[in-house]
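Trainee: I have just opened this one and would like to go through it with you. Can we put it on screen?

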Amino acid sequence: MALPSAKPQVFAPWNDPEAKPLIRIEGVSKSFGDFHAVNKVDLDIYPGEFFSLLGASGCGKTTLLRMLAGFETPTEGRISIDGVDMTSIPPYERPINMMFQSYALFPHMTVAQNVAFGLKQDRVPKRLIGNKVREVLDLVQMSRFAERKPQQLSGGQRQRVALARCLAKEPKVLLLDEPLAALDKKLREQTQLELVNIQDRVGITFVMVTHDQEEAMTMSARIGVMNAGSIEQIGTPVEIYEYPTTTFVADFIGTANMFDGVVSLEEQNRTVVDCSELETQLTVGHASGVAVGAPVTVMVRPEKMTVQREKPDPRINCVHGVVSDIAYLGDISIYHVRLESGRKVQVALTNLRHTSEQRLTWDDEVYLTWHPANSLVLVQ
Ligand code: ATP
């Protein structure tokens, strides 16, 4: 008898050389006059993937999404979907649907009529439309609101109707432009997980644009971090947080303490960096791949540091400073420690005990240490 597999299969088609991408973006650029909004982007997105384009305002993520939808034409490069070149295919003939930030529901139509609209336009038989509308409203848990008008719904409910309307047409790809921007924090967090569950059930490829890193980290299989029109790094949430490849990504995703220096020793599993600012050497638990003397940045996340009042021994990766600020966030506290050089470093500690029993307070002298394996060398 075959035993059921203990672990769910890991979804990672990008690691499979045989896997065929659904969306292939090759050398795509977009200029408005002499301004380069999107610059030579190469990106493969796989069937069933939840992919997010993450970046600050103006970095070009919406322009890239609009080129996928066919609302903008690339200045150069090529986009293909399912092996078909999209260059001469108009938006309405692409196997794509786009959910806009504003949801763009028709105010004079009921929820059911809004969802049915696209199907009617496509001349789908009436009987099939009724079934499809019921099915997608069930999926987004909005069946009992089918006869309401959009203005009789909350923001979160409208968002679900907009999603149902997009899903009804069974696109191969759904593009989502800041889909949760209009929702308050609590509802947004709840809706993030709902959206991921729905995407998992329907199996449609989602490409989302967001500037909210938490949202991208929570929802995506992979993230493309954009900066000034280019993609700086593509990776899973864990990869881009734990192993950023550039100082921009390290700084943009979460909080990063970064120390500049030059490589003084390079071995197979170890890099030693001279940091003149800290007047010490830092040891990192991997090879940097650059020559001795090369300028690099050592990155350590705040939660990877330990903090103590007593001088540690031996003192590998140890810096000394004074607590200058404490941000109490409930579950964790962020300690800002001013080093002798004047530079501030952030350390995150989990609040395992009640705050009245806090270990550290303002003006405490502390030593910060971290294991070499918990830091990273970034090449400048
Ligand atoms: P946001 O999060 O603010 O929406 P974004 O990363 O999505 O930002 P885009 O909307 O892609 O950014 O815009 C990228 C750049 O291209 C911006 O500087 C913008 O001003 C410029 N841009 C976008 N559309 C046009 C246009 N039609 N004409 C001229 N410039 C444009």
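**Pockets, a sheet and cysteines**

Mentor: Start with the second largest pocket: domain 1 (13–95 + 171–247) and domain 2 (255–379) each give at least three residues to its lining. The domain bounds come from an automatic or database domain assignment. A pocket here is an open set of points on a 1 Å grid over the protein atoms alone, with protein on both sides within 12 Å along at least five of seven lines, where a 1.4 Å probe fits; lining residues have an atom within 4 Å of a point.

Trainee: What sort of model is this?

Mentor: It is a predicted model, where local features need pLDDT of at least 70 and side-chain atom pairs count only at pLDDT 80 or more, while totals for chains, interfaces and linings use all residues. Residues are numbered from 1 along each chain as its sequence is written, and side-chain values use heavy atoms, with hydrogens and water left out.

Trainee: Back to the second largest pocket. What volume does it have?

Mentor: About 500 Å³, counted as the space filled by probe spheres set on the points, which are joined across faces, edges and corners. Its lining has 17 residues, with Glu214, Tyr241, Thr255, Ile332 and Ile334 closest to the centre.

Trainee: Which element supplies the largest share of that lining?

Mentor: β18, with four residues. α6 (213–219), β17 (332–339) and β18 (344–350) each supply at least two. Helices (H or I, at least four residues) and strands (E, at least two) are DSSP runs, numbered from the N terminus.

Trainee: And the largest pocket, what lines it?

Mentor: There are 24 lining residues, and Ile96, Asn97, Met98, Gln121 and Lys169 lie nearest the centre. Two or more lining residues come from each of β6 (96–99), α2 (111–121) and α4 (155–168). The volume of the largest pocket is about 600 Å³.

Trainee: Last one: are Cys59 and Cys166 buried or exposed?

Mentor: Cys59 is buried at 5% relative accessibility, and Cys166 is buried at 4%. Buried means under 20% relative accessible area and exposed over 50%, with partly exposed in between (1.4 Å probe, protein chains only).
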